[in-house]
Amino acid sequence: MSPRSPSVNEELRRRSRERLLQAAVELVDEHGFEATTLGAIADRAGSARGLVSYYFPGKRQLVQSAVHRLMHRTLEEALEHEPHTEDGRERLARAIDAILGLAQDRPVLMRQHMAGLLQAEGFVQCPEQRRLAELLGDTVARYGSHHVEADYPMLRAMLMGAVYAALVPGVPMPIPALRAELFERYGLDRELGLPAESAPAAERRDLSRFFATEDRSEPEAGSGPESESPRRGLPPLDDGRHS
């Protein structure tokens, strides 16, 4: 059996990490952070338990990376929604709606995420978090900011505060009221943006489009994937843990 090429191994590692991120988001959304174990995440992803530790220092880091992935892909999708626009006001409105939409559609997940940010380690500096920061910074710049380095953190704080206010147990603020407040602060017409309810419920619940677990590799002759239990219709994955 000929060895796999470095590019194939890299693709398999990418897919393995993507599956872990998706499994973490799904399980925390279903059961909460404390009830979700690393073993359960590995099982849902169809991966060996040791792979979780290979890619992530711990559960908190894995879950933060997974939620930041969901946030930046949700934001990215909203910003590029048809009809495509370069108008900064429309893009800012879409960004606000995208983040508030996550609070509306995934309250358990987002509440757990907000709680995790208050832990000692705070933000996890990962590729997913950096991409989220890039998208929000670009949104502020297109809106017309001449001081992005100051206005981006303010937008981030306003969005985090709105999500927190929407999810406080017992005294949540209604999302339409939070949206109206943010739109007024930034001088946005209420007709702008993409409110969460404008998308079909099934589409809003589907996570698979945000996690690139499809097989894009072309295994070399004689180096096909080993048998591994697929999850939810995903193709069998040889993640390289035996290579």
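Buried means under 20% relative accessible area, exposed over 50%, and partly exposed in between. The exercises below apply to a predicted model.

**Exercise 1.** Classify D97 as buried or exposed, and find which backbone nitrogen lies 2.7 Å from a polar atom of its side chain.

*Solution.* Start with the location: D97 is found in helix 5. Its relative accessible area is 4%, so D97 is buried. Next, list the contacts: leaving out residues up to four places away in sequence, D97 touches R179, F183, L192, G193, L194 and P195. One of these, L194, has its backbone nitrogen 2.7 Å from a polar atom of the D97 side chain.

**Exercise 2.** Describe the geometry of the aromatic pairs and the accessibility of Y54, Y55, Y143 and Y186.

*Solution.* The count comes to 2 aromatic pairs. Y54 and Y55 are edge-to-face, at 4.9 Å centre to centre, because the 80° between their planes is over 60. Y54 has a relative accessible area of 57% and is exposed, whereas Y55, with 18%, is buried. Y143 and Y186 are also edge-to-face, with 5.8 Å between centres and 85° between planes. This pair links distant parts of the chain, 43 residues apart: Y143 is in helix 7, and Y186 is in the loop between helix 9 and helix 10. At 29% Y143 is partly exposed, and at 10% Y186 is buried. The charged end of R185 sits over the ring of Y186, 5.2 Å from its centre.

**Exercise 3.** Which residues does a cis peptide bond join?

*Solution.* The bond joins E82 and P83, with omega about 0°. P83 lies in the loop between helix 4 and helix 5. Most peptide bonds are trans.

Technical notes:
Residues are numbered from 1 along each chain as its sequence is written. This is a predicted model: local features need pLDDT of at least 70, side-chain atom pairs count only at pLDDT 80 or more; totals for chains, interfaces and linings use all residues. Side-chain values use heavy atoms; hydrogens and water are left out. Helices (H or I, at least four residues) and strands (E, at least two) are DSSP runs, numbered from the N terminus. Buried means under 20% relative accessible area, exposed over 50%, partly exposed in between (1.4 Å probe, protein chains only). A polar contact is a pair of N or O atoms within 3.5 Å; within protein, one must be able to donate a hydrogen and the other to accept it, and residues adjacent in sequence count only if both atoms are side-chain atoms. Contact means heavy atoms within 4.5 Å. Rings of Phe, Tyr and Trp (its six-membered ring) pair if their centres lie within 6.5 Å; planes under 30 degrees apart count as stacked, over 60 as edge-to-face and the rest as tilted. A charge sits over a ring if NZ of Lys or CZ of Arg is within 6 Å of the ring centre and within 35 degrees of the ring normal.
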